[in-house]
Amino acid sequence: MPQAEIYKRQTRARKPDTVTAMRELIRHIRASIPFDAPDARICSGACQGCSMKLLDFLSSELEDCERDLDAGVKPTLKDLSRLIGMARKVHDVLRRNGLVDAVDASSSTSADAPETRLPGLG
Ligand code: SF4
């Protein structure tokens with residue numbers, strides 16, 4: 001078998017299907033974005049974009065995606081890409097507003113801290 005064909009098959013075998021990829025992406029976003037931060041911390045005053053609205057928006061997008069998955073809808077690569085873009089934008093605003101850093105700083109150990117980056121997402 002030609003080397004190129006072997007590589008192609010190995011690559012294909014390693015790629016998760018879009019349903020698995022979407023579930024993993026949702027899990028990763030939930031772990032990376034501080035959805036459970038208290039309102040008092042989210043509404044810190046000097047906001048550059050409304051963290052509260054963006055958290056609500058992203059949370060509802062994740063719920064919609066999960067509902068679709070549970071209903072047997074297979075996401076496309078475009079769906080995955082769209083959700084990644086959304087999560088990146090929300091994460092950027094949270095970082096600008098100091099919410100992600102505030103969550104990091106308030107945690108006593110790094111083991112307790114939620115993951116606040118989106119590795120591989122930006
Ligand atoms: S802009 Fe949004 S996040 Fe900031 S204080 Fe107002 S409601 Fe809270």
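Setting aside neighbours within four places in sequence, Ile-29 is in contact with Leu-62 and Ala-87. Contact here means that the C-beta atoms, placed from the backbone, lie within 7 Å.

A word on the model. It is predicted: local features need pLDDT of at least 70, side-chain atom pairs count only at pLDDT 80 or more, and totals for chains, interfaces and linings use all residues. Residues are numbered from 1 along each chain as its sequence is written.

Now the core. The largest nonpolar core holds 16 residues, and Ile-29, Ile-33, Leu-58, Ala-87 and Val-90 have the most contacts inside it. Such a core is a set of buried Ala, Val, Leu, Ile, Met, Phe, Trp, Tyr and Cys residues joined through C-beta atoms within 7 Å. Buried means 20 or more other C-beta atoms within 10 Å of a residue's own; exposed means 12 or fewer; partly exposed is in between.

Which helices each supply at least two residues of this core? They are α2 (18-32), α4 (51-70), α5 (77-96) and α6 (99-106). The largest share, 5 residues, comes from α4. Helices are DSSP runs of H or I, at least four residues, numbered from the N terminus.

Next, α2. Its buried residues are Met-22, Leu-25, Ile-29 and Ser-32. They cover an arc of only 95° around the axis, so they sit on the same side of α2. The arc is that of the directions from the helix axis to the C-beta atoms. Among what covers these buried residues are α4 and α5. On the face turned away, α2 carries the exposed residues Thr-20, Glu-24 and Arg-27.

On to α4. This helix has 20 residues and reaches 28 Å from first C-alpha to last, close to the 28 Å expected at 1.5 Å a residue. That expected span is 1.5 Å times one less than the number of residues. Buried in α4 are Ser-51, Leu-54, Leu-55, Leu-58, Leu-62 and Cys-65. Seen down the axis, they fall within an arc of 100°, so they line one face of α4. The face turned away carries exposed residues, including Asp-56, Glu-63 and Arg-67. After α4 comes Gly-72, with a positive phi near 90°.

Last, the ligand. Which residues are around it? Ile-42, Cys-43, Cys-47, Cys-50, Ser-51, Met-52 and Lys-53.

Notes
Contact = placed C-beta atoms within 7 Å. Near = placed C-beta within 6 Å.
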